[in-house]
Amino acid sequence: MKKIVKTRWFSILFWVVILAAVWEAAAFHVAATKRNPENILPHLYQIIAAAFSTQKVNQSMTATQLVLSSAATTVFRAALGFAIGVASGFVLALLMNLSGIIEKIAFPYLMIIQMIPILGMAPIILSITGSINVSRILIAAILTFYPVATNTLAGFKSVEKEKYELMASYAAKKRSLYTKVLIPQCIPYFFTGMKISAPMAITAAILVDTLQGDGGLGCVLSQSLRHAMSISVFWLIVFFSAFLGIISWKLMGWLEVMFTPQKRHLSKKKQTDGKDVELCTKEKNRSGKSFLKAGVLQR
Amino acid sequence: MTTEENSRNEVEISIEDLDVTFHDNSGNEVRALEGVSLDIRKGEFISLVGPSGCGKTTLLRTIADLQKPTDGMIHVAGRLPREERLMQKFGIVFQQPVLFDWRTVQKNVELPLELMYYSRKDRHQRAKDMLEMVGLSDFADSYPSQLSGGMQQRVNIARAFAIRPEILLMDEPFSALDEFTKEKLHEDLLRMWRQTNKTVIFVTHNIQEAVFLSDRICVLSPHPGRLSAIVDVTLNRPRTAEMKYTPEFNSLVEKVRNSFEGGSI
């Protein structure tokens, strides 16, 4: 029994059951109090039914087809913005590390980007750029930029003095110092930044979608709220967006393992041990365990 | 005198009246070395010993051009330390292994060879030989995080030997290791030194270690760092672990200990 409780699947199942129970309780409550529009919080089976229904929700597509096709549009825009944000974040971190002057000028003010309510400014950005597509990509890029830049810079700064001195003793050129030491060492930090910003880029793209038509998840989201396109579509999109966010985060984790040989090696070893591939889950488990132990001690 | 003896008496590093002053992290002026003069012969194994703060690491770093002298002169093979560094004549071993986590053991040893534009084949062969010398052939494809501290330090030493440096500078390389590993590495180091005949400058605060390894021991005293004595180690070579229990060994340890100013550390 203890062994089952410890597995990852058990904790997932635990949360699914709890959330479903809370959801259903809320759905019954909402149905009893008669909100407008009606059935605003449908039962889970209604949402699942909507996902598998063959009934067309607009001229041409079923609910699932609509969600998937708009998701493709949204993900494409988010990915484009994300790529631009990642590239510019990395380049800025590199420049800040190369030049103390650039770091002094840029670093203290980098924080400010985080402080500006970019999503709130979306309507203004839309009217300035005049194109919903450009503003979507721009906003996703701005949100991606900061975590990538700061984490990458932290990665460069994590290189110990001894490594610089060792490279100096080999008379290594600056270029080799970067390609052989600084960039490889900052890769895990760089991916930490990307793990933070990938779901943010998707959220940003969806939110900007709600402003104007032209397809995308956010666009369908607001339509489904306004018209009676069936509220289930709305919830279908909410669930699917959450799923996309998780996938984008996971994808960064997989890419990280691919690009960090030492982690790839460890994960290979773990697979042969029949254990989990993801490294951080093990750490999580460990901290969870020590927490439990502390609880036991207190008792 | 044979030619080999001649080359052994040749001065490799000459240090004249060296002063080094630097500022620590809190901005205070530290007089690390004052008026140090020393000649180190080619192929010699020389130890710098002394309590912490005596400037032994600073002296090593100044020879390696990682620290600028404030006054005085250092010549390495007749040139300035900087020129020698740029000619890749130094091999440095720090107290910490300073390995690169993302490279296998083999690739860690190959790194300096890559910087020296060795061909892939030569790099591979040289690193393989070095790993064999330190007894880590079976771990060539492991990553540093999979090795014990002693094994990591052996990789570090293999890497330093891989570039065949003229001068090997070692800064307390074994001080973080347990006694058993340390003794094993002492013997490995002496064997590699004998095979390659490099000049070794070895910083340590362990007197027994210095006596066991060295030809000469330079004793430094702190505040400011000065060279207070040079002790010739008269033990025969090759050295064996049994020598550590001889009266001769112990009297040398005693002699080094007594040369610290004030009689003891």
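Which pattern does chain A follow when read along the sequence? In this predicted model, chain A follows the pattern α-α-α-α-α-α-α-α-α-α-α-α-α along its sequence. The secondary structure of the chain accordingly amounts to 13 helices and zero strands. Chain A has 299 residues, of which 32% are buried. Among the contacts in chain A with a separation of 6 or more, 71% are made by residues 24 or more positions apart.

Helix H9 of chain A comprises residues 174-209, and a straight helix of 36 residues would span 52 Å at 1.5 Å a residue. The end C-alpha atoms of H9(A), however, are separated by only 45 Å. Within H9(A), a kink of about 45 degrees is located at A:Ile187, shortly before the proline A:Pro188.

Chain B contains an open sheet of six strands with mixed pairing, arranged in the order S5-S6-S7-S3-S8-S9. From one strand to the next, the twist averages 20 degrees.

Within this sheet, strand S8 of chain B (residues 216-221) is largely enclosed by the rest of the structure, because five of its six residues are buried. On one hand, S8(B) is joined to strand S3 of chain B (residues 45-49) by four bridges, and these two strands run parallel. In this pairing, B:Ile46 has B:Arg216 of S8(B) as its bridge partner, and B:Val49 stands opposite B:Val219 in S8(B). On the other hand, S8(B) pairs with strand S9 of chain B (residues 226-232) in the antiparallel sense, over six bridges. Here B:Ser221 is placed opposite B:Arg226 of S9(B). S8(B) and S9(B) together form a hairpin with four residues between them, and B:His223 in the turn has a positive phi of about 55 degrees. Helix H9 of chain B (residues 247-258) lies across S3, S8 and S9 of the chain, and runs at about 165 degrees to S9(B).

A further open sheet in chain B is formed by three strands in the order S2-S1-S4, with antiparallel pairing. Strand S2 (29-41) and strand S4 (71-76) of chain B stand at the edges of this sheet; since each has a single partner strand, one side of each is left without a neighbour in the sheet. The twist averages 20 degrees from one strand to the next. Strand S1 of chain B (residues 11-23) pairs with S2(B) over nine bridges in the antiparallel sense, and B:Val20 stands opposite B:Leu33 in S2(B).

Strand S2 of chain B also holds B:Glu34. This residue counts as partly exposed, because 19 C-beta neighbours lie inside 10 Å, whereas a buried residue would require 20 or more. Apart from its neighbours within four places in sequence, B:Glu34 is in contact with B:Asp19, B:Pro224, B:Gly225 and B:Arg226. One of these, B:Arg226, is the residue of S9(B) that stands opposite B:Ser221. By C-alpha atoms, B:Glu34 is separated by 40 Å from B:Val105, which is 71 residues away along the chain.

Helix H7 of chain B (residues 179-196) includes B:Met192. B:Met192 is likewise classed as partly exposed, because it has 19 C-beta neighbours inside 10 Å. Leaving aside neighbours within four places in sequence, the contacts of B:Met192 are with B:Met133 and B:Phe161. B:Met133 is 59 residues from B:Met192 in sequence, while the C-alpha atoms of the two are 7.7 Å apart in space.

Between the two chains, 18 residues of chain B are in contact with 17 residues of chain A. On the side of chain B that touches chain A, helix H3 (81-86), strand S5 (90-93) and helix H4 (105-115) of chain B each supply at least two residues. H4(B) gives the most, with three residues. The residues on this side of chain B comprise 13 nonpolar, three polar and two charged.

Conventions
Residues numbered from 1 in each chain as written. Chains lettered and ligands numbered in written order. Predicted model: local features only at pLDDT ≥ 70, side-chain atom pairs only at ≥ 80, totals over all residues. Contact = placed C-beta atoms within 7 Å. Nonpolar A, V, L, I, M, F, W, Y, C, P; charged D, E, K, R; others polar. Buried ≥ 20, exposed ≤ 12 C-beta atoms within 10 Å, placed from the backbone. Pairing = 2+ DSSP bridges. Expected span 1.5 Å × (residues − 1). Bend = angle between axes of the 7 residues up to and from the residue. Axes fitted to C-alpha atoms, helices over the stretch in contact; angles between N-to-C directions.
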